[in-house]
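Me: Please take me through this structure by way of questions and answers.

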Amino acid sequence: MTETLTIRRPDDWHLHLRDGDMLRAVLPATAAHFARAIIMPNLVPPVVTFAQARAYHARILDALPQDADFTPLMTLYLTEDTDPDDVAAAAESGLVHAVKLYPAGATTNSASGVQNFDSIRAVLERMAEIGLPLCVHGEVTEAEIDIFDREAVFIDRVLDPIRRATPGLRVVMEHITTRNAVDYARAQDGTLAATITTHHLVINRNHILAGGIKPHYYCLPVAKREEHRLALRAAATSGEPRFFLGTDSAPHTDANKLLPCGCAGCFTALNTMSILAQVFEDDGALDKLEGFTSLHGPAFYRLPVNGDDITLEKTAPTLPAQIETAEGPVTVFDPGFDLKWRVV
Ligand code: NCD
Ligand code: ZN
């Protein structure tokens, strides 16, 4: 008999859906497996205000396939001009579930992000009061800091000071890539959680650079040394509630990836559950998969666990290498091994 695994329906706590044609092309992949996702606000222009988040939410619902059952959990893009009252109204509405902090220049479409962290004090204090989580892209942007050190330096120079200055602020360290971040997260109280992507459990920096450059493995934060990947695997499969899935599935067309200055991002929405089942099985932790994908996230975000299940079976999935979009093909993340599990 085919081996099967039934778990609560998962959520994705960090997702890029984009807009327009790209949104229509990528949304079905997420909605097929995930009940909810925290939607990143780094559009051009960014989703800064509650009104913009409401409008984007409506566009996402409009792009959903007819039979889909999917709830987008919206976020606001934090700028130095963000109004604390607007944030509070957005949270109160139940539509907006987090505010996203991008240090200016850290990643794709982050030019409107924060340069002077003193200017966001009032917003952070209000968020601490109302319990609204701050999702953090944790990398410093100084040119002199080596790109492989930017996350570790951010923790010391920016994240820890912000948390000390704003007691009670609930923070998600997003898409962590280092042992430093795992260790930091483990040493904190319940106000801090960390998401881990699918691809950072699979690739290290050699996959990007050894034997020829692989633009499809380039994402931000960039994958680090093998010892860091192993620390992320241990954290994800540990069953500790502070770690949960945020795929950071970030679609870019091949034309935009395969450039002399290519875009950062891996498109993993389509095969994340197949990859994760295998990662957890390989680490002897299949029993911890449900916590990572379906239980820990809702607990941190103070939302109910999904009412329905999904079943995976141990049969090789047939997945496309690319999906077509009106803007051109988008390559699906290749884990570099044959997949054995498929969502039924
Ligand atoms: C993301 C994107 O393309 O929007 N890219 C990425 O490499 N992860 C931005 C981000 O989350 O940093
Ligand atoms: Zn992201």
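Reply: The questions below concern a predicted model, and they move from the metal site to helix contacts and backbone features.

Me: Which protein residues are the donors of the zinc ion (ligand 2)?

Reply: Donors are N, O and S atoms within 2.8 Å of the metal. The protein atoms that qualify lie 2.0 Å from the zinc ion, two of them being NE2 atoms and one an OD atom. The residues that supply them are His 14, His 16 and Asp 248.

Me: Is the site of the zinc ion (ligand 2) tetrahedral or irregular?

Reply: Four donors count as tetrahedral if all angles lie between 85 and 135 degrees. At the zinc ion (ligand 2), the angles among the 4 donor atoms run from 91 to 142 degrees.

Me: Is Asp 248 buried or exposed, and what is its relative accessibility?

Reply: Asp 248 is a residue other than glycine with a positive phi, near 55 degrees. Residues under 20% relative accessible area count as buried. Asp 248 therefore counts as buried, its relative accessibility being 6%.

Me: Is Arg 18 buried or exposed, and what is its relative accessible area?

Reply: Arg 18 lies in the loop between E2 and H1. Although Arg 18 is not a glycine, its phi is positive, at about 60 degrees. Since the limit for buried residues is under 20%, Arg 18 is buried, with a relative accessible area of 13%.

Me: What is the C-alpha to C-alpha distance in space between Leu 17 and Pro 251?

Reply: Leu 17 is placed in the loop between E2 and H1, and at 1% relative accessibility it counts as buried. Its contacts include Met 22, Leu 23, Ile 39, Tyr 56 and Ile 60. Leu 17 and Pro 251 are 234 residues apart in sequence, yet their C-alpha atoms are separated in space by 7.7 Å.

Me: At roughly what angle do the axes of H1 and helix H2 (residues 50-63) cross?

Reply: H1 contributes Leu 23, Arg 24 and Leu 27 to the contact, and H2 contributes Arg 59, Ile 60, Asp 62 and Ala 63. By class, these are 4 nonpolar, no polar and 3 charged residues. The crossing is right-handed. The axes come within 9 Å, and the crossing angle is roughly 65 degrees.

Me: How many nonpolar, polar and charged residues make the contact of H6 with H8?

Reply: The axes of helix H6 (residues 179-186) and helix H8 (residues 226-236) cross at roughly 35 degrees and come within 8 Å. From H6 the contact takes Arg 179, Asn 180, Val 182 and Arg 186, and from H8 it takes Glu 227, His 228, Ala 231, Leu 232, Ala 234 and Ala 235. Their division by class is 5 nonpolar, 2 polar and 3 charged.

Me: What is omega for the peptide bond from Leu 220 to Pro 221?

Reply: Pro 221 is found in the loop between helix H7 (205-209) and H8. The peptide bond from Leu 220 to Pro 221 is cis, with omega near -10 degrees.

Key
Residues are numbered from 1 along each chain as its sequence is written. Chains are lettered from A and ligands numbered from 1 in the order in which they are written. This is a predicted model: local features need pLDDT of at least 70, side-chain atom pairs count only at pLDDT 80 or more; totals for chains, interfaces and linings use all residues. Side-chain values use heavy atoms; hydrogens and water are left out. Donors are N, O and S atoms within 2.8 Å of the metal (3.2 Å for Na, K and Ca); water is not among the atoms, so sites may look incomplete. Four donors count as tetrahedral if all angles lie between 85 and 135 degrees; four count as square planar and six as octahedral if opposite donors are over 155 degrees apart and all others between 65 and 115; anything else is irregular. Axes are lines fitted to C-alpha atoms, for helices over the stretch in contact, and angles run from 0 to 180 degrees between N-to-C directions. Helices (H or I, at least four residues) and strands (E, at least two) are DSSP runs, numbered from the N terminus. A crossing is left-handed if the near helix is turned anticlockwise from the far one by less than a right angle, and right-handed if clockwise. Contact means heavy atoms within 4.5 Å. Ala, Val, Leu, Ile, Met, Phe, Trp, Tyr, Cys and Pro count as nonpolar, Asp, Glu, Lys and Arg as charged, and the others, Gly among them, as polar. Buried means under 20% relative accessible area, exposed over 50%, partly exposed in between (1.4 Å probe, protein chains only). Lists of a residue's contacts leave out its neighbours within four places in sequence.
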